[in-house]
Amino acid sequence: MTLEEKIGQMVACRYSGNFVNKNSEYFQNLNTLIQKQKIGGLIIFGGAVYETAILNNTFQELADIPLLIASDFERGAGNQIDGAILFPPLMSLGAADSEDLAYMMGKITALEGRALGIHMTYAPVVDVNINPDNPIINTRSIGEKPEQVGRIGQAFIKGCQDYGLIATAKHFPGHGDTDLDSHSVLPNIEADRERLDT
């Protein structure tokens with residue numbers, strides 16, 4: 001590969017899995033990114049089951065090097081894809097305190113995600129929810145006890161990865177103790193190294 005192609009392989013572009021005509025400007029732009037710029041992956045935000053599967057297969061056919069396709073399936077594939085299973089927020093796993101349920105949620109997420117042509121999920125959230133003023137993590141967190149969050153999160157990850165879906169534990173340690181929405185501002189975590197390490 002050329003240096004430019006290697007750089008392209010490090011880039012992933014956001015797209016929607018809704019129906020789009022192959023002659024549309026939207027599709028042609030993605031086609032250019034895949035065939036000419038040789039991007040390495042796609043990140044799907046929103047879509048429908050059949051359209052997503054068809055688009056993913058089409059994009060893979062266009063790519064010289066297979067694309068790594070990802071999405072945010074915190075609550076299962078239905079978190080982004082209409083028609084797929086949408087589970088309750090992760091806090092429900094903490095309330096049930098069941099590694100078996102967490103594993104099954106990961107397994108079902110993987111089976112649906114892989115059937116759609118998706119290889120990686122940005123899940124689970126493993127932030128420890130210790131700030132009641134947190135506007136963004138709250139019910140997305142498994143809970144407030146580090147041991148439980150680790151144990152339940154690990155079971156979800158194992159369920160995903162046993163069925164072929166790469167899991168991503170997120171976010172940066174300490175995000176459960178923010179009082180700002182990190183999608184719009186940069187929170188400042190006032191904690192020492194020892195606390196972050198725990």
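**View 1. The lining of the largest cavity in this predicted model.** The largest cavity is lined by Gln-9, Ile-34, Lys-38, Ile-39, Ala-63, Asp-64 and Ile-65, where a cavity is a set of points, on a 1 Å grid over the protein atoms alone, at which a 1.4 Å probe fits but cannot get out, and lining residues have an atom within 4 Å of a point. The lining divides into 4 nonpolar, 1 polar and 2 charged residues; Ala, Val, Leu, Ile, Met, Phe, Trp, Tyr, Cys and Pro count as nonpolar, Asp, Glu, Lys and Arg as charged, and the others, Gly among them, as polar. About 30 Å³ of space lies in the largest cavity, a volume being the space filled by probe spheres set on the grid points, which are joined across faces, edges and corners. The model has 1 cavity of 30 Å³ or more.

Residues are numbered from 1 along each chain as its sequence is written. Because the model is predicted, local features need pLDDT of at least 70 and side-chain atom pairs count only at pLDDT 80 or more, whereas totals for chains, interfaces and linings use all residues, and side-chain values use heavy atoms, with hydrogens and water left out.

View 2. Strands (E, at least two residues) and helices (H or I, at least four) are DSSP runs, numbered from the N terminus.

**View 3. Strands S1 and S2.** Strand S1 (residues 12–17) pairs with S2 in the parallel sense over 5 bridges, pairing requiring that DSSP finds at least two bridges between two strands. Ala-12 has Gly-41 of S2 as its bridge partner, and Tyr-15 stands opposite Ile-44 in S2. Together with helix H2 (residues 25–35), S1 and S2 make a right-handed β-α-β unit, meaning that, with the strands pointing away from the viewer, the path from the first strand over the helix to the second runs clockwise.

**View 4. Strands S2, S3 and S4.** S2 also pairs in the parallel sense with strand S3 (residues 68–71), over 4 bridges, and the bridge partner of Ile-43 in S3 is Ala-70. The chain crosses from S2 through helix H3 (residues 49–62) to S3 in a right-handed β-α-β crossover. With strand S4 (residues 81–82), S2 pairs in the parallel sense over 2 bridges, and Gly-47 has Ile-81 as its partner there.

Terms used:
1 Å grid on protein atoms, 1.4 Å probe; cavity = no way out; pocket = protein on both sides within 12 Å on 5 of 7 lines; lining within 4 Å.
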